[in-house]
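Student: Please walk me through this structure step by step. I am new to it.

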Amino acid sequence: MTDPIPLRKIIHVDMDAFYASVEQMDNPELKGKPLAVGGNEMRGVVSAASYEARKFGVRSAMSGIQAKRLCPDLIFVRPRFDRYKEISKKIRKIFHDYTDMVEPLSLDEAYLDVTQNKKGNPSASLIAQEIRKRIFEEVGLTASAGISVNKFVAKIASDYNKPNGQKTINPDDVEAFLEGLDVKKFYGIGKVTTEKMYQLGIYTGADLKSKTFEYLDEHFGKSGRHYYYLVRGISNSQVKPNRTTKSVAAEHTFYTNLTSEIFMEEKLERIAEELSRRLLKHKISGKTITLKIKYSDFTQQTRSKTLPYFISDKGLLFENAKELLYQERMKDSVRLLGISLANLNTEIKKTVVVQLRFEF
């Protein structure tokens, strides 16, 4: 017989409206006001919205025009990614005072495995409370946290008492907690899958749990197995301090939509230069290059090719991206171009994303 796998103590820390909160912290005149980071009332996309703006329905990935329509008093500010990274490093330093098992998901959220921790504290809930307190006192921002036996449940829980709150789902309460949730609250179940589940009469975790493995497999394919176990609180995904790099990308959103491939070439060369700089810095190269195109109507297209050799040089990146650019005619004017490189030659366990400055 083998010993059962011990339950883990996982914390998911999620900063509250991070980008917007940083802007309000640095500029007291913005406190208490509806704020959008990125975009403007003429064009662009909202990267983040303050809670004051969210009350009007403003959210990330929304066009600036729509956001302004929903909230006429909305204030737009330019994103300052260097500042957000600076703050994020301070927050992660606090995390590492408790455990080295930290898996960042982005600048503003991370998983922490505190099953064994540097403080010798057996209570994950108390650790989360202390971390949130330190973030507020040392950084000046609020954070929310979810605490449970695995990453999936912890992430759902962190959204439960936002902002500036936390929720613990104890092992014996996991299944009941999941049964009571709307399936749209399940992390990993997107809008399309949610609509499909609704059409099948699956509205809550309890509804999902009532379906057999065969039923879920028939209607959702390979994902059916995943949903079958998730709704039962079974997830073996471990906190990975170093996540494997799958791709490196750089992109640029333009102030004025581009209608000519000639103008796009100039932009692509700049993007290739920035991507190459980052690749060389991390000693990464890859074989699969992808051109990302976002049109003025927000539809998106990608074009890819795989080379027989690794590249990281600006010239090769640009030439291959340019070839993809002319692969077929553009459907409409273009608001964003991006280049990504995958099929990498490195085992560096770090997610690398390059976001060039926004234009407004």
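This is a predicted model: local features need pLDDT of at least 70, side-chain atom pairs count only at pLDDT 80 or more; totals for chains, interfaces and linings use all residues.

Tutor: Residues are numbered from 1 along each chain as its sequence is written, and side-chain values use heavy atoms, with hydrogens and water left out.

Student: What is the order of the strands in the open sheet of 5 strands?

Tutor: Helices (H or I, at least four residues) and strands (E, at least two) are DSSP runs, numbered from the N terminus. Two strands pair if DSSP finds at least two bridges between them. The pairing in this open sheet is mixed, and the order is β5-β6-β1-β7-β8.

Student: Which are the edge strands?

Tutor: Look for strands that pair on one side only. These are β5 (102-106) and β8 (166-168).

Student: Which residue of β7 is the bridge partner of I11?

Tutor: Strand β1 covers residues 10-15 and strand β7 covers residues 143-148. They run antiparallel, joined by 6 bridges. Within β7, the partner of I11 is I147.

Student: Which residue in β6 stands opposite P104?

Tutor: A hairpin with 2 linking residues connects β5 to β6. The two strands pair in the antiparallel sense, over 4 bridges. Opposite P104 stands A110.

Student: At what angle does helix α4 run to β5?

Tutor: Axes are lines fitted to C-alpha atoms, for helices over the stretch in contact, and angles run from 0 to 180 degrees between N-to-C directions. Helix α4 (residues 81-96) lies across β1, β5 and β6 (109-113). Its angle to β5 is about 155°.

Student: Which element gives the most to the lining of the largest cavity?

Tutor: A cavity is a set of points, on a 1 Å grid over the protein atoms alone, where a 1.4 Å probe fits but cannot get out; lining residues have an atom within 4 Å of a point. The largest cavity holds about 50 Å³ of space, and its lining includes V13, S88, P104 and A110. With 4 residues, the top contributor is α4.

Student: Why is helix α1 described as largely enclosed by the rest of the structure?

Tutor: Buried means under 20% relative accessible area, exposed over 50%, partly exposed in between (1.4 Å probe, protein chains only). Among the buried residues of α1 are F18, Y19 and V22. Helix α1 (residues 18-26) is largely enclosed because the number of its 9 residues that are buried is 7.

Student: Is D16 buried or exposed?

Tutor: D16 sits in the loop between β1 and α1. Contact means heavy atoms within 4.5 Å. Leaving aside neighbours within four places in sequence, D16 is in contact with residues including S21, Y51 and P163. Its relative accessibility is 2%, so D16 counts as buried.

Student: What form does the peptide bond from K162 to P163 take?

Tutor: P163 lies in the loop between α6 (151-158) and β8. Most peptide bonds are trans. From K162 to P163, omega is near -10°, and the bond is cis.

Student: What is the phi of A17?

Tutor: A17 lies in the loop between β1 and α1. A17 is buried, with a relative accessible area of 7%. Although A17 is not a glycine, its phi is positive, at about 45°.

How values were computed:
On a 1 Å grid over the protein atoms alone, a cavity is a set of points where a 1.4 Å probe fits but cannot get out, and a pocket is an open set with protein on both sides within 12 Å along at least five of seven lines; lining residues have an atom within 4 Å of a point. Grid points are joined across faces, edges and corners, and a volume is the space filled by probe spheres set on the points.
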